[in-house]
Amino acid sequence: MELEEAIVRSAALLGAGIAMGFGAIGPGIGEGFAAGKACEGAAMRPEESALLTRTMLIGQAVSESTGIYSLVIALLLIFAV
Amino acid sequence: LIEWLTDNPGLMENAVAGSRVLGAGIAMGFGAIGAGVGEGYDAGEAVEKISRQPAVGGELTRTMLVGQAVAETSGIFALVISLMLMFSEPEEPGIEVMGAYLGSGLAMGLGALGTGVGAGIAGGQAASSIGRNPGCRRSVMVTMLLGQGVATTPAVFALLIAMILLFAQQFGLFMGNSIEAAMAALGAGIAMGLGALGPGLGTGQAAGGACDGAGRAATDDARRDVTVMMLLGQAVATTPAVFALLVAVILAFGEQILKLGAEGAGMVESLPTAAAMLAAGIAMGAGSIGPGIGTGMAAASASQGTGLNPETNTVLTRTMLIGGAVAQSTSVYSLVIALLLLFYAV
């Protein structure tokens, strides 16, 4: 392996780790916040729990998107670069 | 740089000593943040409640001190590792042991941070809850101690990895000069240190919510439900720390499991492998922060809600577990990427 090639490959792998690691922070906290609020709501109005769960899941799905972007970028960096 | 170090034994010895004391500083410096913030929050909550009702002052001071004593544990772990790093002697100076010493400091320093804050939040909420309703003192104390015990688990994982890295050469690990193994040691420290941060904080928040809920619950049955909900939520919030422990153990025994640092591998060939080891540590470590904190927030609200309105227990368990499972997903992605980096990319 040439030095240039080794440096590019190393940087790509390191980048994959950083992309997935730090990219996972936001969705984790955000989705947990949504789940917490859904629990708070369900404790006050248990009869609305189906609506709350549905809204929570839609909101979480949107906030998951950046985590999936990170996953895609990390996979691309590992396999395609 | 590495050739220059290996050619000059005196320089190498100094470099190893430098990484050792740097690790000691990192361990104690970061390790002090958590306990400091957490215990301060605890004291603040207690003082606030005492100012409203001075009659329960003695009670609240006792609760505060018990909570602070548990929150102090992680700070003491950091002190122990820091002192051990300062006075340990490597059997054979090399760049691998430099990585291990730095990793040991990072694992314990960052690993103590989340737990210190989390256990402090639990203590503070307990003091606040007892201040509001002094009659439920016993059950709030039990919930607090149980919750703080679980919140300390990630710091115990971090202590374990810090010890393995600290005594690596006594176990015959990290004896040589391979850059791959050095980065694996550093990666193990980063994975466990960052990986303990989120779960420590999250489980602490869950315990805080449960202390609040236990103070509001009307019956003994409801208080028991609150504690059960807390433990369930904490189990979910601890999962990322378990993933991080797994990755850290694989990295720490990288020479055996991944066959790192094989003879004859040149500097250029080993560069991508070294990067993959470090990247696996960063991916899993940082990837645990968010899910740990997030699932902890869900568990806190569910425990609080159970105390307020015990008949919603089943609905809350379901909502918490569904929401927690989704919030957990990014830590699973991180685990997948970390394992790919460890086993495939090499």
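In the predicted model, the largest cavity is lined by Gly233(B), Val236(B), Thr295(B), Ala298(B), Ala299(B), Met320(B) and Gly324(B). Three helices of chain B, namely H7 (220-252), H9 (267-308) and H10 (313-344), each give two or more residues to this lining. The greatest contribution comes from H9(B), with 3 residues. The space in the largest cavity amounts to about 40 Å³, and the count of cavities of 30 Å³ or more is 1.

An open site was examined next. The second largest pocket has a volume of about 200 Å³. Its lining consists of 14 residues, of which Gln205(B), Met297(B), Ala300(B), Ser301(B) and Gln304(B) are the closest to the centre of the pocket. Both chains take part in this lining: at least two residues each are supplied by H2 of chain A and by H4 (95-132), H6 (179-216) and H9 of chain B. The lining of the second largest pocket divides into 7 polar, 4 nonpolar and 3 charged residues.

The interface between the two chains was then considered. Contact involves 45 residues of chain A and 44 residues of chain B. Between them, chain A and chain B bury about 3,400 Å², and carbon and sulfur atoms account for 79% of this area. Within the area that chain A buries against chain B, 15% is supplied by Leu13(A), Cys39(A) and Ala43(A), more than by any other three residues. On the side of chain A that touches chain B, two or more residues are given by each of the helices H1 (3-23), H2 (25-44) and H3 (49-79) of chain A. The largest share of that side, 15 residues, belongs to H2(A). The residues on the side of chain A that touches chain B divide into 30 nonpolar, 10 polar and 5 charged.

Polar and charged pairings were also counted. Across the interface of chain A and chain B, 10 residue pairs are in polar contact, with both residues at pLDDT 80 or more. The count of salt bridges between chain A and chain B, by contrast, is 0. Over all chains, the count of salt bridges comes to 9. Side chains of opposite charge can pair when their charged atoms come close. One such pairing joins the side chains of Lys37(A) and Glu40(A), which meet in a salt bridge with an N to O distance of 3.6 Å. Lys37(A) and Glu40(A) both belong to helix H2 of chain A and stand 3 residues apart, about one turn of the helix.

Terms used
Residues are numbered from 1 along each chain as its sequence is written. Chains are lettered from A and ligands numbered from 1 in the order in which they are written. This is a predicted model: local features need pLDDT of at least 70, side-chain atom pairs count only at pLDDT 80 or more; totals for chains, interfaces and linings use all residues. Side-chain values use heavy atoms; hydrogens and water are left out. On a 1 Å grid over the protein atoms alone, a cavity is a set of points where a 1.4 Å probe fits but cannot get out, and a pocket is an open set with protein on both sides within 12 Å along at least five of seven lines; lining residues have an atom within 4 Å of a point. Grid points are joined across faces, edges and corners, and a volume is the space filled by probe spheres set on the points. Helices (H or I, at least four residues) and strands (E, at least two) are DSSP runs, numbered from the N terminus. Contact means heavy atoms within 4.5 Å. Buried area is the accessible area (1.4 Å probe) that two parts lose on being put together, summed over both. A salt bridge is a side-chain nitrogen of Lys or Arg within 4 Å of a carboxyl oxygen of Asp or Glu. A polar contact is a pair of N or O atoms within 3.5 Å; within protein, one must be able to donate a hydrogen and the other to accept it, and residues adjacent in sequence count only if both atoms are side-chain atoms. Ala, Val, Leu, Ile, Met, Phe, Trp, Tyr, Cys and Pro count as nonpolar, Asp, Glu, Lys and Arg as charged, and the others, Gly among them, as polar.
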